[in-house]
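This report describes the fold, the domains and the ligand surroundings of the entry shown below.

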Amino acid sequence: SRSIDLAVIPGDGIGQEVVAEGLKVLSAVLPQDVKLETKEYDFGARRYHATGETLTDADLDALKQHDAILLGAIGDPSVPSGVLERGFLLKLRFAFDHHVNLRPSKLLPGVATPLAGQPKIDFVVVREGTEGPYTGNGGTIRKGTPHEVATEVSVNTAYGVERVVRDAFARAQARPRKKLTLVHKNNVLTFAGHLWTNIFNKVAEEYPEVTTEYIHVDAATIYLVTQPERFDVIVTDNLFGDIITDLAAAVSGGIGVAASGNINPSREFPSMFEPVHGSAPDIAGQGKADPTATVLSVALLLRHLGYEAEADRIDEAVAADLTERAELPARSTSEIGDALAVRVAG
Ligand code: IPM
Ligand code: MN
């Protein structure tokens, strides 16, 4: 019989609240014969303050045993900037080789956008997740002096670029519009930019049905606002992907509905699914957080594990809920979760 063994990391701030709703909807959508097992882990600010640990080798060994990971949010103002980002989130993405950072953007009916004329937005960003300027290669000399020099080296390997470019082509091929846009800055970052462009053009030869284009990242930020409908699949570097997916979330309903998957397509290690938003300590514990982004991340998780029909049911439930939301009085985090759970079960 089928089973899902899930590691659950609620984390900090609103992470606790939104993950509870994500699990509620997950339990409701799964058929009777699928056994769901969850194990909760206490990573985040509290553990860091109590023990000084963010993510140990023993933790990684424990997480490795699961089929997938559901994460709420990690981060708190009481922890110095960079400690949990590098020590937990990036450490996990790197250790489990989450090289495909998948971030879909779809403007659903009834959802407000700051853009004029309710444009048709339906694209997915394939953000590289293990290289670029995120690798922590760099350093500082003459620190604290007026002549301090800080470098932050962007690492791009042919192996790392090719595998994420191939993943993006396969995704584009599987979508009706079959279009793939490479976003980079190859007019300035000529070393990395040319590596990306050359590999992109080489892999393109194997996908004659996929329409390709190249756009510099600065121009891409304009098009994401003025012509978001032009995008279908975007493939890009880790840092550019970080930036443009926040913009993408802002134009397609906000971070309350932006989901993501940190995916290891080879399944050598478990993939991790998380809302794009952070821990929002200012509204934590008040039932004000929108669990929709976490629920949509659960749908990505189910799709990754092969539960396509269940993932579709969640997407449909969210679409229906969002359509009605404008007419409903404001609901709490758990009221939204309850409504979604009822919809996916029914
Ligand atoms: C994200 C976040 C992270 C990133 C930070 C918290 C390390 O902004 O998931 O987009 O930059 O990848
Ligand atoms: Mn980000």
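Helices (H or I, at least four residues) and strands (E, at least two) are DSSP runs, numbered from the N terminus. The structure is a predicted model, in which local features need pLDDT of at least 70 and side-chain atom pairs count only at pLDDT 80 or more, while totals for chains, interfaces and linings use all residues. Residues are numbered from 1 along each chain as its sequence is written, and chains are lettered from A and ligands numbered from 1 in the order in which they are written.

**Overall fold**

The protein chain contains 11 helices and 12 strands. Its C-alpha trace extends over about 55 × 50 × 45 Å along the principal axes. The radius of gyration is taken over C-alpha atoms, and the globule rule is 2.2 Å times the number of residues to the power 0.38. For 346 residues a compact globule would have a radius of gyration near 20 Å, and the protein chain agrees because its value is 20 Å.

A residue is buried if 20 or more other C-beta atoms lie within 10 Å of its own, exposed if 12 or fewer, and partly exposed in between, with C-beta atoms placed from the backbone. By this criterion 44% of the 346 residues of the protein chain are buried. Two residues are in contact if their C-beta atoms, placed from the backbone, lie within 7 Å. Among contacts in the protein chain with a separation of 6 or more, 78% involve residues 24 or more positions apart.

**Domains and their contact**

Domain bounds come from an automatic or database domain assignment. This assignment gives domain 1 as 1–101 + 260–346 and domain 2 as 113–252. The centres of the two domains, taken over C-alpha atoms, are separated by 24 Å. Domain 1 brings 12 residues to the contact and domain 2 brings 14 residues. On the side of domain 1 that touches domain 2, H4 and strand E4 (100–106) are the elements that give two or more residues. H4 supplies the largest share of that side, with four residues.

For residue classes, Ala, Val, Leu, Ile, Met, Phe, Trp, Tyr, Cys and Pro count as nonpolar, Asp, Glu, Lys and Arg as charged, and the others, Gly among them, as polar. The side of domain 1 that touches domain 2 has five nonpolar, four polar and three charged residues.

A residue is near a molecule if its C-beta atom, placed from the backbone, lies within 6 Å of it. Which residues surround ligand 1? They are Glu85, Leu89, Leu90 and Asp242. Helix H4 (residues 83–95) gives the most to this shell, with three residues. The shell comprises two nonpolar, no polar and two charged residues.

Beyond residues up to four places away in sequence, Leu92 touches Leu55 and Met272. With its neighbours within four places likewise left aside, Lys91 is in contact with Leu55 and Arg86. Leu92 and Val111 are 19 residues apart in sequence, yet their C-alpha atoms are 33 Å apart. For Lys91 and Ala170 the sequence separation is 79 residues and the C-alpha distance 27 Å.

**Loop residues with positive phi**

Asp97, in the loop between H4 and E4, has a positive phi of about 50° although it is not a glycine. Arg267 lies in the loop between strand E11 (259–263) and strand E12 (271–275); its phi is near 65°, a positive value in a residue other than glycine.

| Residue | C-beta atoms within 10 Å | State |
|---|---|---|
| Leu92 | 24 other C-beta atoms | buried |
| Asp97 | 19 C-beta neighbours | partly exposed |
| Lys91 | 18 C-beta neighbours | partly exposed |
| Arg267 | 12 C-beta neighbours | exposed |

**Strand E10 and its partners**

Two strands pair if DSSP finds at least two bridges between them. Strand E5 (residues 122–128) pairs with E10 in the parallel sense over four bridges, and Val126 stands opposite Val235 in E10. Strand E8 (residues 179–184) is also paired with E10 in the parallel sense, over four bridges, with Ile234 in E10 as the bridge partner of Thr181.

In a regular strand the side chains alternate between the two faces of the sheet. In strand E10 (residues 233–236), Val233 and Val235 on one side and Ile234 and Thr236 on the other are all buried, so both faces are covered.
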